[in-house]
Amino acid sequence: MEQICVVTTVVDARPVADALAAEAVAGRLAACAQVGGQVDSTYWWRSAVETGSEWSVQFKTAPDRVVALVDRLRAAHPYEVPEILVSRVECGEPAYAAWVHENTRI
């Protein structure tokens, strides 16, 4: 099975999530990006428990494009300490893995 990578992050506004998704796909850093519905997050920040609404963004990319995608997300992300998670996954559909690879080429 071929590997692809799934990179996820969260932001505090839908327009920001949409912009990150569009930029990554237009720049061929991700073959596709999915913006997920609003979620409520509870977390420690500056010695206190905070709660806020966030939007998740999930990017599908080729393993050799992960570093560039993460660097771009870090630079464009509005959070001081962004959550950027990378998962390497086995793709059960070879044609999909090929599509991800093909669409992350300039």
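**Cores, salt bridges and surface of a predicted model**

Ala19 lies in helix α1, where helices (H or I, at least four residues) and strands (E, at least two) are DSSP runs numbered from the N terminus. Ala19 and Ala76 are separated by 57 residues in sequence, while their C-alpha atoms are 9.5 Å apart in space.

A word on the basis of these values may be welcome here. The model is predicted, so local features need pLDDT of at least 70 and side-chain atom pairs count only at pLDDT 80 or more, whereas totals for chains, interfaces and linings use all residues. Residues are numbered from 1 along each chain as its sequence is written, and side-chain values use heavy atoms, with hydrogens and water left out.

The interior comes next. In soluble globular proteins, nonpolar side chains tend to be buried together. A nonpolar core is here a set of buried Ala, Val, Leu, Ile, Met, Phe, Trp, Tyr and Cys residues joined through side-chain atoms within 4.5 Å. The largest such core has 17 residues, and the members that touch the most others are Val7, Phe59, Leu69 and Leu73. At least two residues of this core come from each of β1 (2-11), α1 (14-26), β3 (48-61) and α2 (66-76). Apart from this core lies another, of five residues, among them Ile4, Ala31, Cys91 and Ala97. When neighbours within four places in sequence are left aside, the residues in contact with Phe59 (heavy atoms within 4.5 Å) are Cys5, Val6, Val7, Thr9, Leu20, Ala21, Ala24, Ala30, Cys32, Ala33, Leu69 and Leu73.

A disulfide is a covalent bond between the sulfur atoms of two cysteines. With a disulfide taken as a pair of cysteine sulfur atoms within 2.5 Å, the structure holds zero of them. For Cys32, the closest cysteine sulfur is that of Cys91, and at 11 Å this is too far for a bond. Cys91 is likewise in no disulfide, its nearest cysteine sulfur being that of Cys32. Cys32 counts as buried, because its relative accessibility is 18%, and Cys91 counts as buried at 9%.

Charged pairs are another feature of the model. Side chains of opposite charge can pair when their charged atoms come close. Searching the whole structure for salt bridges (a side-chain nitrogen of Lys or Arg within 4 Å of a carboxyl oxygen of Asp or Glu) finds five. One of them joins Arg14 to Asp18, with the closest N and O atoms 2.9 Å apart. Both of these residues lie in helix α1, four residues apart, or about one turn of the helix. Arg14 counts as partly exposed at 36% relative accessibility, and Asp18 counts as partly exposed at 33%.

Another bridge pairs Arg46 with Glu80, the closest N and O atoms being 2.5 Å apart. This pair links distant parts of the chain, 34 residues apart: Arg46 is in the loop between β2 and β3, and Glu80 in the loop between α2 and β4 (84-91). Both Arg46 and Glu80 are exposed. Arg105 forms a salt bridge with Asp64, where the closest N and O atoms are 2.8 Å apart. Distant parts of the chain are linked here too, with Arg105 in the segment after α3 (94-102) and Asp64 in the loop between β3 and α2, 41 residues apart. Arg105 is partly exposed, with a relative accessible area of 27%, whereas Asp64 counts as exposed at 51%.

The backbone deserves a brief look as well. Most residues other than glycine have a negative phi, and most peptide bonds are trans. Arg28, in the loop between α1 and β2, has a positive phi near 60 degrees. Arg28 counts as partly exposed because its relative accessibility is 32%. Arg46 has a positive phi near 55 degrees, and its 61% relative accessibility counts as exposed.

Finally, Tyr43, Trp45 and Val81 make a nonpolar surface patch of about 280 Å². Patches are made of residues with over 30% relative accessible area and no salt bridge, with like charges joined within 9 Å and nonpolar side chains (Val, Leu, Ile, Met, Phe, Trp, Tyr) within 5 Å. Accessible areas come from the Shrake-Rupley method with a 1.4 Å probe, and for residues only the protein chains shown count as cover.

Methods:
Buried means under 20% relative accessible area, exposed over 50%, partly exposed in between (1.4 Å probe, protein chains only).
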